[in-house]
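The sequence and the structure come first.

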Amino acid sequence: MLIWGLCVIYRTLGRGVFFCRRCGGDREYRHRAGRRFVTVFFVPLIPLMKTGEHVQCLSCKIRYVTEVLKLPTTVEMQLAHIAGMRALAAVILRAGDPANPVARRRALDAVTGAGDKGYDEDALRQDLAAPADAARRKVGALGAQLQTEAREWCLAEAIRIAMADGPLTGPERAAAEHLAGCLGMTQAQAVGVITLTEQNTVLTPGE
Ligand SMILES: [Zn+2]
């Protein structure tokens, strides 16, 4: 008597790290494809159709469609956040007096506060020399992953850098509005944040 059955055999196509929604963090995954087989005496003999690919979290074992790999990991988001804040600080500094030590200090604080603990004068100098296009892209990527309030907070940070050495100048105001656009904010939101931040920022006499 023959014993027939069915089974699925998986082949691993790749491994890596992704953001698992169920675990709520970055986890290792394996990307797998399966194929059904007819088994005879529990031995897979006759291949049938493929079962499709999936991504499985190695921690919680849940399976996702492969599109999940397109989502950024927490680490990638953190890197984009830092790159965006660096670009934003450089853009606003350039619009004012990039040599002013108080403004530079405020820019360094904004970036280290965003998580780049090693950010220093050398790195700032490099960012100030970076092309405007690259900066716009980085600020755009930052805005794309933030909710409205977080965007407003980032813009307020830029304005506080601009105001570290005195009231907002025309070019600084224009740069702030430009940054707001890159972050994905409307003109009205930009004006609102600029006005509010100007009112709430205590100007320190120039050093
Ligand atoms: Zn998981």
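## Basis of the description

This is a predicted model, in which local features need pLDDT of at least 70 and side-chain atom pairs count only at pLDDT 80 or more, while totals for chains, interfaces and linings use all residues. Residues are numbered from 1 along each chain as its sequence is written.

## Overall layout

The protein contains seven helices and four strands. Helices (H or I, at least four residues) and strands (E, at least two) are DSSP runs, numbered from the N terminus. Read from the N terminus, the order of elements is β-β-β-β-α-α-α-α-α-α-α. The radius of gyration is 25 Å, well over the 17 Å that the globule rule gives for 207 residues, so the protein is more spread out than a compact globule. Here the radius is taken over C-alpha atoms, and the globule rule is 2.2 Å times the number of residues to the power 0.38. Along the principal axes, the C-alpha atoms fill a box of roughly 95 × 35 × 25 Å.

Two domains make up the division of the protein: domain 1 covers 4–70 and domain 2 covers 74–199. These bounds come from an automatic or database domain assignment. Between the C-alpha centres of domain 1 and domain 2 the distance is 43 Å.

## The sheet

Four strands form an open sheet with antiparallel pairing, in the order β1-β2-β3-β4. Strands β1 and β4 are at the edges with a single partner strand each, so one side of each has no neighbour in the sheet. Two strands count as paired if DSSP finds at least two bridges between them.

Strand β1 (residues 4–20) and strand β2 (residues 25–40) run antiparallel and are joined by 16 bridges. Leu6 has Val38 of β2 as its bridge partner, and Val17 stands opposite Glu28 in β2. Antiparallel pairing of β2 with strand β3 (residues 43–57) extends over eleven bridges. Across this pair, Arg35 stands opposite Lys50 in β3, Thr39 has Pro44 as its bridge partner, and Val40 stands opposite Val43. Strand β4 (residues 63–64) pairs with β3 in the antiparallel sense over two bridges; Arg63 in β4 is the bridge partner of Gln56.

## The hairpins

The hairpin of β1 and β2 has four residues between the strands, and Gly24 takes a positive phi near 75° there. In the hairpin of β2 and β3, two residues lie between the strands, and Phe41 takes a positive phi near 55°. The hairpin of β3 and β4 has five residues between the strands, with Lys61 at a positive phi near 70°.

## A pair of helices

Two packed helices are described by the angle between their axes and the distance between the axes. The axes of helix α1 (residues 74–95) and helix α5 (residues 148–162) come within 9 Å and cross at roughly 35°. Such axes are lines fitted to C-alpha atoms over the stretch in contact, with angles running from 0 to 180 degrees between N-to-C directions. The crossing of α1 and α5 is right-handed, meaning that the near helix is turned clockwise from the far one by less than a right angle.

On α1, the contact is made by Met85, Leu88, Ala89, Ile92, Leu93 and Ala95, and on α5 by Cys154, Ala158, Ile161 and Ala162. Residues are in contact if their C-beta atoms, placed from the backbone, lie within 7 Å. The residues of this contact comprise ten nonpolar, no polar and no charged. Ala, Val, Leu, Ile, Met, Phe, Trp, Tyr, Cys and Pro count as nonpolar, Asp, Glu, Lys and Arg as charged, and the others, Gly among them, as polar.

Methods
Two residues are in contact if their C-beta atoms, placed from the backbone, lie within 7 Å.
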